[in-house]
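Hi,

Here is the structure I promised to pass on. My notes follow below it.

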Amino acid sequence: MPKKTPTLHAIGERQSNLLVGTLLGDAFCPKLAIRQKNRSIRWEHGAEQKDYAAWKADQVGLEWSPFERSRLDKRTGKIYGSFTACLKANPCFNVLYDQFYKDGKKIVSVETLNKLSPEAIAVWYCDDGSLYWTSDTKHLTLSTQCFSDEDRKTIIAFFKDRFGLDFRINQKAIRLVSKAGIEMFLKLVEPFIPQCMKYKIERRT
């Protein structure tokens, strides 16, 4: 009998969308043991974002385990805490790994981006986005430092073609600087931002 190839249909469209959103951001797909057949998905956030890390795991709705730790930064002498959510290994996660990694390096494709829902984009923004001001000018950025310049261009083209948003490469990030573009982006993601991350969309008057 031929071996079945796992697909993402087994975990549902919304679940896979949320996972794609966070894999574009902070999540990664490790094997938790050398001989383990299936991959896990996990993400780590600072202790101040513990509620957000747990919220993502609860929204995905699959079995997961929490891990908390603290470390001493010898440069500052301060202790920093972190919170990790680790989803139980699943054959479906092997599919996501193949979509997101090539030779162990994270990549992005047009096919992956075209499947993104606004909710998944909101998760990506909560992971890696920021809203800030210089003088009276508002800026919105997405950190894309894990991707290549070519991947950044693919992401920019996606936002332009799908939403009419004009992101520009800014070092290892992409950035919106027009007021209209920023408002369009915030309107897109705002309904899906959890309460614990509302500071990411706050508007300064």
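Helix H7 (residues 179-189) is covered on its buried residues by several elements, including helix H5 (118-128), strand E6 (129-134), strand E7 (137-143), helix H6 (149-163) and strand E9 (173-176). Contact here means heavy atoms within 4.5 Å. Helices (H or I, at least four residues) and strands (E, at least two) are DSSP runs, numbered from the N terminus.

This is a predicted model: local features need pLDDT of at least 70, side-chain atom pairs count only at pLDDT 80 or more, and totals for chains, interfaces and linings use all residues. Residues are numbered from 1 along each chain as its sequence is written, and side-chain values use heavy atoms, with hydrogens and water left out.

**Helix H7**

The buried residues of H7 are Gly181, Ile182, Phe185, Leu186, Leu188 and Val189. Down the axis of H7 they fall within an arc of 155 degrees, so they line one face of the helix. That arc is taken from the directions from the helix axis to the C-beta atoms. Lys179, Ala180 and Lys187 are exposed on the other side of H7. Buried is under 20% relative accessible area, exposed is over 50%, and partly exposed lies in between (1.4 Å probe, protein chains only).

**H5 against H7**

The axes of H5 and H7 come within 8 Å and cross at roughly 110 degrees. Axes are lines fitted to C-alpha atoms, for helices over the stretch in contact, and angles run from 0 to 180 degrees between N-to-C directions. H5 and H7 are therefore roughly perpendicular (65 to 115 degrees). H5 contributes Pro118, Ile121, Ala122 and Tyr125 to the contact; H7 contributes Phe185, Leu186, Leu188 and Val189. The contact residues divide into eight nonpolar, no polar and no charged. Nonpolar covers Ala, Val, Leu, Ile, Met, Phe, Trp, Tyr, Cys and Pro; charged covers Asp, Glu, Lys and Arg; the others, Gly among them, are polar.

**The three-stranded sheet**

An open sheet of three strands runs in the order E1-E3-E2, with antiparallel pairing. Strands pair if DSSP finds at least two bridges between them. E1 (41-46) and E2 stand at the edges with a single partner strand each, so one side of each has no neighbour in the sheet. The twist averages 20 degrees from one strand to the next.

E2 (residues 64-73) and E3 (residues 78-87) are joined by 10 bridges. Leu72 stands opposite Ile79 in E3. E2 and E3 form a hairpin with four residues between them, and Gly77 in the turn has a positive phi of about 75 degrees. E1 and E3 pair over six bridges. His45 stands opposite Phe83 in E3.

Best wishes

Methods
Angles under 35 degrees count as roughly parallel, over 145 as roughly antiparallel, 65 to 115 as roughly perpendicular and the rest as oblique.
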